[in-house]
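Q: Please take a close look at one residue in this protein. Place it in its surroundings, then step back to the whole chain.

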Amino acid sequence: MENYYGIAAISGICVVVLLMGTMKQKAGWISIFILRSILGIVGICVTNSLLDSLGISVAAGINPVNVLTIGILGIGGFGLVYGILFYRFL
């Protein structure tokens, strides 16, 4: 009977160690996502101001869809948001 408790304890410790490793990896992904999202919001503000000063009436809004797109895809998502806007502008 004591062997079963030992096996259960070792298995439990292994599961905890694996979960800790997984959480560490996910924390890295979450921090990258947040950083991309914040930089994307700043980029949208700067680009909207630049386009407005040039007299081009295309402006991307800061909404959850755009923030998620830029947060997940990075600079490609930023280009995608403005690409769709310029396509609609034509």
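A: Start with the contacts of S37. Leaving aside residues up to four places away in sequence, S37 touches V67 and G71. This is a predicted model, and the contacts are computed from it.

Where does S37 lie? S37 is part of helix 1, which covers residues 2–53.

Is S37 buried or exposed? The relative accessibility of S37 is 8%. Buried means under 20%, so S37 counts as buried.

Now the whole protein. Its secondary structure consists of three helices and zero strands. Along the sequence the pattern reads α-α-α.

The overall dimensions come next. The C-alpha trace spans about 80 × 20 × 15 Å along its principal axes. The radius of gyration is 23 Å, whereas a compact globule of 90 residues would have one near 12 Å.

What about burial across the chain? The accessible surface comes to about 7000 Å². Carbon and sulfur atoms account for 75% of that surface.

Last, the contacts of the protein as a whole. Among those with a separation of 6 or more, 58% join residues 24 or more positions apart.

Conventions
Residues are numbered from 1 along each chain as its sequence is written. This is a predicted model: local features need pLDDT of at least 70, side-chain atom pairs count only at pLDDT 80 or more; totals for chains, interfaces and linings use all residues. Side-chain values use heavy atoms; hydrogens and water are left out. Helices (H or I, at least four residues) and strands (E, at least two) are DSSP runs, numbered from the N terminus. Buried means under 20% relative accessible area, exposed over 50%, partly exposed in between (1.4 Å probe, protein chains only). Contact means heavy atoms within 4.5 Å. The radius of gyration is taken over C-alpha atoms; the globule rule is 2.2 Å times the number of residues to the power 0.38. Accessible areas come from the Shrake-Rupley method with a 1.4 Å probe; for residues, only the protein chains shown count as cover.
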